[in-house]
Amino acid sequence: MIAAAIVALLITLALTLTRAFLGPSIYDQILAVNSFGTKTVLLIVVAGHALGWFGYVDIALMYTLVNFIGTLAVMRFFEQHKPQGEQ
Amino acid sequence: MIIISLLSDFCLLIGGIFTLTGAVGLLRLPNFYTRLHAASVTESLAAPLLIIGIILDTGFTLDSAKLIIIIIIMVVSSPTITHALCRAAAHGGYAPDMQKKKQRQADNRAKEPK
Amino acid sequence: MIENLHLLINVFLLAFLVLIVFAAINTNNLFVATMLFGIFSFVTALLFLDLDAVDVAFTEAAVGAGFTTVLMLSALRLTGAFENVKHRQSVLGLFIVVLTGAALIYGTADFPRMGDPNSAVHLNLAPEFIQLTQEKIDIPNVVTAVLASFRGYDTFGETVVVFSAGVAVLLLLGMGQVEPKKEPEQNVVLRIVVKPIIALILIFGLYVQFHGDFGAGGGFQAGVIFASAFILYSLVFGESYTRKVIPAAILPRLAALGVLIYGVTGLASLLFDKPFLDYNALSSNPVSGQHTGILLVEAGVGLAVFATVLLIFYSFSGVNHNE
């Protein structure tokens, strides 16, 4: 069952990445990148337990925080300095 | 124990299904706000379920305590990001697509029995 | 089944890397390119985890996905946010790149297979380090032992390099002042949610700093995580409040203090008739001397990295830089 979860997560990552490339507006892309980060955290936890990676919990914890900070930073900077011609 | 192992399998299965559903929604829905809704709601359900599945598989160790902390952080930060993103899009002038709704309302009004 | 899972994960992640890089190169919008490089760092760190390199994955995530993204976004403030598109394709450039790539691939064809136990790396130095760590230093994390004790000079050099990067940014930009009347919008949800998260990040940073002996961690990662807490505070509450919490003038001094702690630890062993940076001299028992030495130098590294990272962030987000 863990294998099924890992396969589901990998397919989810691929689909989310497609939206990150396509997304007509930049908000779609920010959403997709944030979602990619969260699914990566889940992949680390599930695959780390299944494949026996050493010390994966600390890294998953830090990724959650880094993902949060990164997405907030992109939104803040994009709000303040919107390039012309982008909604 | 059998029942914990079954419960862990069940959580992982349901978590995987919801993650896939969220990704399909992210790809297929027409509008940014609908995609935001799909991604956020499924993520808030799938992430704790997957991690609970792993916690049940690990047992009661230091790792599971840290995984519980990860669940808490994710449950707090995911909806916050959704809120901030939605607000940024709304303030940034990204209007939801009202054309189709107005068209549908006009069609309904035209089809009403007089 | 585990072999198949390994293969599947590796194939997917490497494919993601290629796709992300193509998309990042093809886009004109530099915000998008920055975000894509952020998730590039995520995927790279996942691959490092798969190769059992935990400390490297930690540092890649903290620096590559966290700090570099914020830094490049701040830099986009000083430059434009769109790339000037050159419409001329260069055949000569493509030829040179393909030639260099082919030469590199040809050069690596002679390498031993990855993980080969009979390769030179695994026969000569690695068993010696593992054995010596157990005898002389007695901590579980061999990477920290090698970094802080066996190759302590090298890490001292790295700390000085980080410090001089901060000095270079100070010389070029200076920390400037706060942008006037540029308060972020009053978002109640963010302000309330971020406060406990900042406390958690600070505690986690301290945990990573002192836990470097036993698990993944160490001074570099801890310094970056600690600075990320203040960067998060600055993103939500505004730059002016952050400069009240940590004044800009204190940061270069903190960075210098970090390097000084490292150097003084090395000098202390000179006082006891031992070579520079030999931690055996720091206590009556050599093993506990090593522990004390590693603790002190990691603290020095953490302090220096924290101050430099925050200093660079202040420089990129300030205005009216007076030369």
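Chain B of this predicted model has a radius of gyration of 20 Å, whereas a compact globule of 114 residues would have one near 13 Å. Along its principal axes, the C-alpha trace of chain B spans about 70 × 35 × 20 Å. The secondary structure of chain B consists of four helices and zero strands, in the order α-α-α-α from the N terminus on. Of the 114 residues in chain B, 33% are buried. When contacts in chain B are limited to residues at least 6 apart in sequence, 62% of them join residues at least 24 apart.

Chain C also contains helices and zero strands, with 13 helices in total. The C-alpha atoms of chain C fill a box of roughly 60 × 50 × 40 Å along the principal axes. Buried residues account for 37% of the 323 residues in chain C. Among the contacts in chain C with a separation of 6 or more, 71% are between residues 24 or more positions apart.

The values for the two chains are set out below.

**Interfaces**

Chain A touches chain C through 39 residues of chain A and 44 residues of chain C. On the chain A side, the elements giving two or more residues are α1 (2–22), α2 (26–51) and α3 (56–80). Of these, α3(A) gives the most, with 16 residues. By class, this side of chain A has 31 nonpolar, six polar and two charged residues.

Chain A also meets chain B: 39 residues of chain B are in contact with 37 residues of chain A. On the side of chain B that touches chain A, two or more residues each come from α1 (2–28), α2 (32–58) and α3 (62–91) of chain B. The largest share of that side, 14 residues, is from α3(B). Its composition by class is 25 nonpolar, eight polar and six charged residues.

**Loop residues of chain C**

Most residues other than glycine have a negative phi. D138(C) has a positive phi, near 60 degrees, and D273(C) has a positive phi near 70 degrees. D138(C) is in the loop between α6 (126–137) and α7 (142–150) of chain C. D138(C) counts as partly exposed because it has 13 C-beta neighbours inside 10 Å. D273(C) lies in the loop between α12 and α13 of chain C. With 8 C-beta neighbours inside 10 Å, D273(C) is therefore classed as exposed.

A281(C) is placed in the loop between α12 (250–271) and α13 (286–317) of chain C. A281(C) counts as partly exposed because 17 C-beta neighbours lie inside 10 Å. Apart from its neighbours within four places in sequence, A281(C) is in contact with S269(C), F272(C), K274(C) and G289(C). A281(C) and A268(C) are 13 residues apart in sequence, with a C-alpha to C-alpha distance of 8.2 Å.

Terms used
Residues numbered from 1 in each chain as written. Chains lettered and ligands numbered in written order. Predicted model: local features only at pLDDT ≥ 70, side-chain atom pairs only at ≥ 80, totals over all residues. Contact = placed C-beta atoms within 7 Å. Nonpolar A, V, L, I, M, F, W, Y, C, P; charged D, E, K, R; others polar. Buried ≥ 20, exposed ≤ 12 C-beta atoms within 10 Å, placed from the backbone. Rg over C-alpha atoms; globule rule 2.2 N^0.38 Å.
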